[in-house]
Amino acid sequence: MLIAWDDDIIKLRDKVMAALNNLFTYNLVEHKVTITKHIVESARDCHLRPERTSKNTKRNCPICMADSYLEEYERKLFKMEWKYDANKGSWRQSTEESALKGI
Ligand SMILES: [Zn+2]
């Protein structure tokens with residue numbers, strides 16, 4: 001059980017990191033962050049267009065995708081349950097996290 005949980009956490013973390021790294025590029029020499037036109041336009045269409053702000057419309061721009069992966073990672077890590085757009089749960093350690101710290 002613990003190994004499967006650990007594998008899931010690692011896979012979800014990789015998914016989150018890939019989604020976040022996809023949002024921008026960072027130039028180490030110039031210390032400059034660049035966000036592509038595609039990301040900006042996707043986010044604009046997803047978040048600012050009135051016809052897409054309905055609660056029934058699923059948001060799926062790269063920022064929303066990264067957000068959903070983060071939520072998935074958080075739920076797995078902290079055993080959060082999401083109901084009716086509000087999270088119920090706690091920030092206490094999951095059983096698996098406690099077990100890992102005990103090792
Ligand atoms: Zn979006």
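Trainee: In what order do the elements of the protein run from the N terminus on?
Mentor: They run α-β-β-α-α-β-β-α. Helices (H or I, at least four residues) and strands (E, at least two) are DSSP runs, numbered from the N terminus. That gives four helices and four strands.

Trainee: And what kind of model is this?
Mentor: It is a predicted model: local features need pLDDT of at least 70, side-chain atom pairs count only at pLDDT 80 or more, and totals for chains, interfaces and linings use all residues. Residues are numbered from 1 along each chain as its sequence is written.

Trainee: How much of the protein is buried?
Mentor: Buried residues are 1% of the 103 residues. A residue is buried if 20 or more other C-beta atoms lie within 10 Å of its own, exposed if 12 or fewer, and partly exposed in between; C-beta atoms are placed from the backbone.

Trainee: OK, helices. How do α1 and α3 pack?
Mentor: Their axes are 9 Å apart, at an angle of about 160 degrees. Axes are lines fitted to C-alpha atoms, for helices over the stretch in contact, and angles run from 0 to 180 degrees between N-to-C directions.

Trainee: What does that make α1 and α3 to each other?
Mentor: Roughly antiparallel. Angles over 145 degrees count as that, under 35 as roughly parallel, 65 to 115 as roughly perpendicular and the rest as oblique.

Trainee: Which residues meet there?
Mentor: From α1, they include Ile9, Leu12 and Val16; from α3, Met65, Tyr69 and Lys76 are among them. By class, the contact has eleven nonpolar, no polar and five charged residues. Ala, Val, Leu, Ile, Met, Phe, Trp, Tyr, Cys and Pro count as nonpolar, Asp, Glu, Lys and Arg as charged, and the others, Gly among them, as polar.

Trainee: Where is tryptophan 5?
Mentor: In helix α1, residues 2–21. Tryptophan 5 is partly exposed, because 17 other C-beta atoms lie within 10 Å. Tryptophan 5 and lysine 76 are 71 residues apart in sequence, yet 8.2 Å apart in space, C-alpha to C-alpha.

Trainee: And glutamate 74, which helix?
Mentor: Helix α3. Glutamate 74 counts as partly exposed, with 17 C-beta neighbours inside 10 Å. Its C-alpha is 9.4 Å from that of isoleucine 9, 65 residues apart along the chain.

Trainee: How many residues has α3?
Mentor: It has 17, residues 62–78, and reaches 24 Å from its first C-alpha to its last. That is close to the 24 Å expected, which is 1.5 Å times one less than the number of residues.

Trainee: What comes just after α3?
Mentor: Lysine 79, with a positive phi of about 60 degrees. Most residues other than glycine have a negative phi.

Trainee: Now histidine 31. Where does it lie?
Mentor: In the loop between β1 (25–27) and β2 (32–34). Histidine 31 has a positive phi too, about 55 degrees, although it is not a glycine.

Trainee: Is histidine 31 buried or exposed?
Mentor: Exposed, because it has 7 C-beta neighbours inside 10 Å.

Note on methods
Two residues are in contact if their C-beta atoms, placed from the backbone, lie within 7 Å.
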